[in-house]
Amino acid sequence: MAWTDIERLAELEAELFPHDAWSQATWWSELAGRPRRSYVVEESADGDLLAYAGLDLGGDVADVMTMAVAPAAQGRGLGRRLLEELVARAEADHAAYLMLEVRADNATARALYGSRGFEVVSVRRRYYQPGDVDAEIMRLSLGGDA
C-alpha cells in the first residue's frame, strides 16, 4: 500500500462501511505509522483496487486493523489470501497472537476467521452504531516468541 492508494481506499471504505468509513486523513495517519503498521492491497490487472488489509505489529500481540474486499471482487478468495498475508507478517514479527474484531452480523467474515482457527474470546455489546451490533473479539494463537 502506498500514499497514492489513499483516495481509492477512502472511496472503497465509504462504499463498504458507510457509517464508519475511514477518511483520507485516517489513511494518511495509518500509513505514517510504519513500520509498526503494515498494509497490503490487491489490484486487478488494470489497476482497480480490489481489496486491502492492515495490521498493527505491537509486540507479542498483533492486531488486524482492517480488511475488506470490493463487492465486485468478493467470492474469489481475496479475503483468505489477505488474511494469510497478515498471519505471515504477524508470525514474521514473532507475535504470539493475532487479534481482530468483527461485526457479529458479518457471517462471511466470521466464517473466514473461524476457518483459519480464530476463536471468539469476548464480545463488545452494541459496539457498532447505528444498529447496536455486537463486536466479536477473536484471537488466533501463533506460537510466537515475543
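In this predicted model, the side chains of Glu-42 and Arg-81 are joined by a polar contact of 3.0 Å. Glu-42 belongs to strand β1, and, once its neighbours within four places in sequence are set aside, its contacts are Asp-48, Leu-49, Leu-50, Ala-51, Leu-78, Arg-81 and Leu-82.

- Strand β1 spans residues 37-43, and because 5 of its 7 residues are buried, the strand is largely enclosed by the rest of the structure.
- Strand β2 (residues 49-57) runs antiparallel to β1, and 7 bridges join the two; within this pairing, Val-40 stands opposite Ala-53 of β2.
- The two strands make a hairpin with 5 residues between them, and in its turn Gly-47 has a positive phi of about 90°.

- In helix α2 (residues 24-32) the buried residues are Trp-27, Glu-30 and Leu-31; viewed down the helix axis they fall within an arc of 95°, so they line one face of α2.
- The exposed residues Ala-25 and Ala-32 are carried on the face of α2 turned away from that buried side, while the cover over the buried residues includes α1 (6-16), β1, β2 and β3.
- Across the whole structure, a search finds 6 aromatic pairs. In the pair formed by Trp-27 and Tyr-52, the ring centres are 5.4 Å apart and the planes stand at 85°, so the pair is edge-to-face.
- This pair links distant parts of the chain, with Trp-27 in helix α2 and Tyr-52 in strand β2, 25 residues apart.

**The nonpolar cores**

- The largest nonpolar core comprises 28 residues, and those with the most contacts inside it are Leu-55, Met-67, Leu-98, Tyr-113 and Phe-118.
- At least two residues of this core come from each of β2, β3 (61-69), α3 (78-92), β4 (97-103), α4 (107-115) and β6 (133-141), and α3 gives the most, with 6 residues.
- Apart from this core lies another, of 15 residues, among them Leu-9, Leu-12, Leu-16 and Ala-68.
- Beyond its neighbours within four places in sequence, Tyr-113 is in contact with Met-67, Leu-83, Leu-100, Val-102, Phe-118 and Met-138.

**Helix α4**

- Ala-109, Leu-112 and Tyr-113 are buried in α4, and since the buried residues fall within an arc of 95° when seen down the helix axis, they line one face of α4.
- These buried residues of α4 pack against β3, α3, β4 and β6.
- Just after α4, Gly-117 takes a positive phi of about 105°.

- Ala-92 has its place in helix α3 and, at 59% relative accessibility, counts as exposed, because exposed is taken to mean over 50%.
- Ala-92 and Ser-141 are separated by 49 residues in sequence, whereas their C-alpha atoms are 14 Å apart in space.

Note on methods. Residues are numbered from 1 along each chain as its sequence is written. This is a predicted model: local features need pLDDT of at least 70, side-chain atom pairs count only at pLDDT 80 or more; totals for chains, interfaces and linings use all residues. Side-chain values use heavy atoms; hydrogens and water are left out. Buried means under 20% relative accessible area, exposed over 50%, partly exposed in between (1.4 Å probe, protein chains only). Helices (H or I, at least four residues) and strands (E, at least two) are DSSP runs, numbered from the N terminus. Two strands pair if DSSP finds at least two bridges between them. A nonpolar core is a set of buried Ala, Val, Leu, Ile, Met, Phe, Trp, Tyr and Cys residues joined through side-chain atoms within 4.5 Å. Contact means heavy atoms within 4.5 Å. The arc is that of the directions from the helix axis to the C-beta atoms. A polar contact is a pair of N or O atoms within 3.5 Å; within protein, one must be able to donate a hydrogen and the other to accept it, and residues adjacent in sequence count only if both atoms are side-chain atoms. Rings of Phe, Tyr and Trp (its six-membered ring) pair if their centres lie within 6.5 Å; planes under 30 degrees apart count as stacked, over 60 as edge-to-face and the rest as tilted.
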